[in-house]
Amino acid sequence: MRDTDDGLRDLYQEVIFDHNRNPRNFHAMPDASHQADGHNPLCGDQLTVYARVADGIVQEASFVGHGCAISTASASLMTEAVRGQPIEEVERLFRNIHQMLTEAHPDCDLGKLEVLSGVREFPARVKCATLAWHTLHNAITQARDVAVTE
Amino acid sequence: MNAPLTLEGVLRPAAADQAAAAAAPWAADFPILARPVRARRLAYLDNGATTQKPQGVIQALADFYEQSNANIHRGVHWLSQHATDLYEQARSRVAGLLNAPNSQDVIFVRGTTEAINLVAQTWGQSLAPGDEILVTDMEHHSNIVPWQLLCARTGAVLRHARVTDSGEIDLDDFRSCLNARTRLVALAHVSNALGTVNPVAEITRLAREAGALVLVDGAQAVAHAPVDVQALDCDFYAFSGHKIYGPTGIGALYVRASILQKLAPWQGGGDMIHTVSFEGSTWAEGPQRFEAGTPNIAGAVALGAAIDYVQSIGLPVIAAHESALLAEATERMLALPGVRLVGTARHKAGILSFLVDGIHPHDLGTILDTEGVAIRAGHHCAMPLMARFGIPGTARASLALYNTQADIDALVAGVRKAQKLFGV
């Protein structure tokens with residue numbers, strides 16, 4: 001039987017600590033084309049995700065807010081991972097991350113985002129890891145809805 | 001003797017109580033405490049959320065269904081009368097626990113939340129626009145939201161008295177909030193997020209002078225020290241069975257008899273009526289008027305068993321045990337670098353809310369969990385209180401009679417492990 005300490009080490013890898021201590025792209029974005037608020041009422045995690053999208057490509061993403069190490073690191077890693085990606089690719093990443101955290105590992109390499117895979121063993125923490133991604137997804141799709149109705 | 005939850009009762013226990021408490025042999029009565037969690041010894045410190053059940057309570061549930069099950073208040077047959085007797089005996093146990101004058105002052109409900117909603121939806125319907133309900137900043141959401149809903153229906157106004165930095169009610173602010181329009185003061189006996197024991201008798205006296213009634217949320221109090229509704233002189237007292245070693249889905253509301261007599265019905269249905277006709281129906285007397293439909297009979301009977309259990313140990317003994325353990329836990333946690341307590345009232349019961357520098361409470365909860373230590377992390381259903389302290393939440397260890405020094409050892413070791421892991 002795997003010791004729970006192994007699970008804990010998988011959950012809190014050095015990359016997670018690094019991004020928790022020094023979150024990347026941790027600022028508001030006055031010229032964002034998309035933004036949304038995310039809130040996990042269970043633990044009080046709260047963040048705002050910003051994206052500047054041009055020509056269907058995320059030029060830049062950032063976030064502000066407060067949360068646990070997992071949610072902060074996940075948001076930080078996300079802002080790095082989506083930069084320069086087409087919106088379709090961001091949506092695909094969102095689905096793959098969600099699958100990795102809740103079901104089984106998807107049939108692809110998620111690169112640096114793989115450090116989040118340890119979360120799956122801690123179901124109570126999955127929402128911490130997905131909060132930023134859900135928020136970014138909302139930011140992008142809400143704006144799209146507006147664009148469609150116009 | 002059933003003394004009220006007082007400073008004397010909690011902080012200066014009698015020598016005999018201290019001696020009995022130091023032995024703390026009660027963990028063996030709780031089967032779940034013997035099971036490992038995450039391959040570790042379980043240190044269950046989430047008693048503010050719910051308490052574990054002693055064998056006697058588990059057995060009472062099984063016994064009821066194996067030996068006594070029938071519907072109540074309607075049978076000509078023996079089993080129905082037997083089940084009715086057990087249910088009504090449980091009501092007497094609750095009255096005894098609270099030192100209520102009469103068992104007919106006790107209404108069975110699902111829990112504290114339902115009890116407060118019952119008061120809001122019966123007594124509260126008489127409120128007029130501009131009437132005021134006064135709560136405090138340390139209330140659980142269940143003692144805030146029912147009043148917000150009531151105010152939206154009636155035009156009444158919800159006011160809230162401030163809490164000091166140490167987590168006590170600011171009595172000056174409380175007095176300034178009280179006025180001729182105050183119809184009800186609703187407050188926790190013990191704060192679920194801070195552990196503060198509020199001066200309910202003093203608050204009741206002030207409310208009485210202003211002509212207001214008083215509702216006490218006793219969810220975090222009844223399992224931890226003697227409660228006496230007559231000494232407190234409150235009008236309503238609510239608690240949940242599952243926080244005093246009983247089953248979930250059963251609780252009780254004490255209502256002062258003179259108020260209960262005049263209270264309009266709540267939910268309509270069977271059991272709460274005297275007669276029913278299409279020309280109009282009449283209502284049952286006493287608590288039955290508020291117990292429409294088949295109640296949680298087995299739950300009530302098992303709650304009676306839980307009350308028997310705590311009374312067999314003695315609430316002063318339990319209070320002394322938990323008080324000594326809280327003092328030790330407080331001292332040892334504060335000895336750790338970077339640990340800060342939230343809630344440092346002079347008079348506390350059984351709850352240690354804390355923050356660790358550089359570690360979010362949720363991360364702390366996960367790391368402690370891997371050590372078999374169960375605590376609560378978050379806002380504890382007290383978001384206005386967290387906002388008042390400018391924090392998103394805390395980690396909370398809450399005690400029960402079966403906790404021992406080994407649980408405190410595990411808590412302290414778990415926090416140190418988290419600090420090492422996080423490099424803080």
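Predicted model: local features only at pLDDT ≥ 70, side-chain atom pairs only at ≥ 80, totals over all residues.
Q: What does chain B average in pLDDT?
A: pLDDT is the predictor's confidence in each residue, from 0 to 100. Chain B averages 94, and 95% of its residues score at least 70. Over residues 6-11 of chain B, though, the pLDDT is below 50. For the model, ipTM is 0.88 and pTM is 0.92.

Q: How many residues of chain B are in contact with chain A?
A: Two residues are in contact if their C-beta atoms, placed from the backbone, lie within 7 Å. Here 16 residues of chain B touch 16 residues of chain A. On the chain B side, α13(B) gives the largest share, five residues. (Helices are DSSP runs of H or I, at least four residues; strands are runs of E, at least two; both are numbered from the N terminus.)

Q: How do I read a pair of packed helices, say α4(B) and α11(B)?
A: Two packed helices are described by the angle between their axes and the distance between the axes. Axes are lines fitted to C-alpha atoms, for helices over the stretch in contact, and angles run from 0 to 180 degrees between N-to-C directions. The axes of α4 (residues 78-98) and α11 (residues 297-313) of chain B come within 8 Å and cross at roughly 45°. That makes α4(B) oblique to α11(B) (under 35 degrees is roughly parallel, over 145 roughly antiparallel, 65 to 115 roughly perpendicular, and the rest oblique). Among the residues in this contact are B:L86 and B:Y87 of α4(B), and B:V301 and B:I307 of α11(B).

Q: What is the strand order of the open sheet in chain A?
A: Strands of a sheet pair through backbone hydrogen bonds, either parallel or antiparallel. Two strands count as paired if DSSP finds at least two bridges between them. This three-stranded sheet runs β1-β2-β3 in chain A, with antiparallel pairing. β1 (34-40) and β3 (57-66) of chain A each have a single partner strand, so one side of each has no neighbour in the sheet. β1(A) and β2(A) pair over seven bridges, and A:Q35 stands opposite A:Y50 in β2(A).

Methods. Residues numbered from 1 in each chain as written. Chains lettered and ligands numbered in written order.
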